[in-house]
Amino acid sequence: MNFWDKYIQAAKCNRSQVCVGLDTDPAKIPSFLKEFRNPMTTFNREIIEATRDVAAAYKLNYAFYLAAGKMGMEALEETANTLKGKVPVILDVKVGDIPNTMHQYGKTFFENYRADAITVNPLMGKDTIQTILDIPKSYCFVLAVTSNPGAVDFLKAENLHQRIASWLGESDETRLGAVVGATNTEELADMRRLMPKTLFLVPGIGAQGGDLDAVVRLASMTRDDPRFLINSSRGIIYKSDGKDFAEAAWKATEELRNKIQESLSNLE
């Protein structure tokens, strides 16, 4: 199955719009895991096994694995093997380069690391994105308006985020999604208007201070098919640094899932 099919199936079967962010930092994982051959792999595997029934997707931030060197690259590959199955895998790389280079990125992320989707920076143009779409079964989440304060410097300047959103809104939603930060409360309704059927990947809930109820109210396509994945990383995977870390991650994921469902039930 491709990303879109996996997303539809996981969201329906698990009644979830939660994307578990595996931003795994060796310095933050429970200390007792250090005795294992690859602590990052073990940590990820336990989190995944605990949360499979309540997650709609997993997102791995490439930077955390790259920073850990050989151990991190091994963990990324082994985690990709663990995640083979029905729950989709998003590799958060935010790449954007000339087509020749993007082709190499695509081979790396979709073939070597078995990603179902990647995040893409669109600032170099549509041809960079098309190069990825030329790869069979690939899916891109395009940065539309991000959750960091610096989004005002370029993405929101001269309404660039609206131009990106307008283009995405006219594109095939089964191949292209949008990164829409939860901290952009004033823009959420406008983003949904411009992208009526697009799947939103929404970072910024939790540690970055995004308002969950506002996201659900303003960014949902419909109550039954909201078309968003709300990502939470630190708020889930580091809920406990003890031997109950995986169970704590499951509880945090279930709690977020239930809060989203409750907010959706209040929509008209």
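The model is predicted, so local features need pLDDT of at least 70 and side-chain atom pairs count only at pLDDT 80 or more, while totals for chains, interfaces and linings use all residues. Residues are numbered from 1 along each chain as its sequence is written, and side-chain values use heavy atoms, with hydrogens and water left out.

S240 is found in the loop between α10 (234-237) and α11 (245-265); helices here are DSSP runs of H or I with at least four residues, numbered from the N terminus. With a relative accessibility of 16%, S240 counts as buried, that is, under 20% relative accessible area with a 1.4 Å probe and protein chains only. Leaving out residues up to four places away in sequence, S240 touches P30, F245 and A248, where contact means heavy atoms within 4.5 Å.

F245 also takes part in ring pairing. Across the whole structure, a search finds 10 aromatic pairs, a pair being rings of Phe, Tyr or Trp (its six-membered ring) with centres within 6.5 Å. The rings of F43 and F245 are stacked, because their centres lie 5.2 Å apart and their planes meet at 15°; stacked means planes under 30 degrees apart. This pair joins distant parts of the chain, with F43 in helix α2 (residues 39-51) and F245 in helix α11, 202 residues apart. F43 is buried at 0% relative accessibility, and F245 is buried at 4% relative accessible area. Elsewhere, ring pairs connect F3, W4, Y7, Y139 and F141 into a cluster.

Methods
Helices (H or I, at least four residues) and strands (E, at least two) are DSSP runs, numbered from the N terminus. Buried means under 20% relative accessible area, exposed over 50%, partly exposed in between (1.4 Å probe, protein chains only). Rings of Phe, Tyr and Trp (its six-membered ring) pair if their centres lie within 6.5 Å; planes under 30 degrees apart count as stacked, over 60 as edge-to-face and the rest as tilted.
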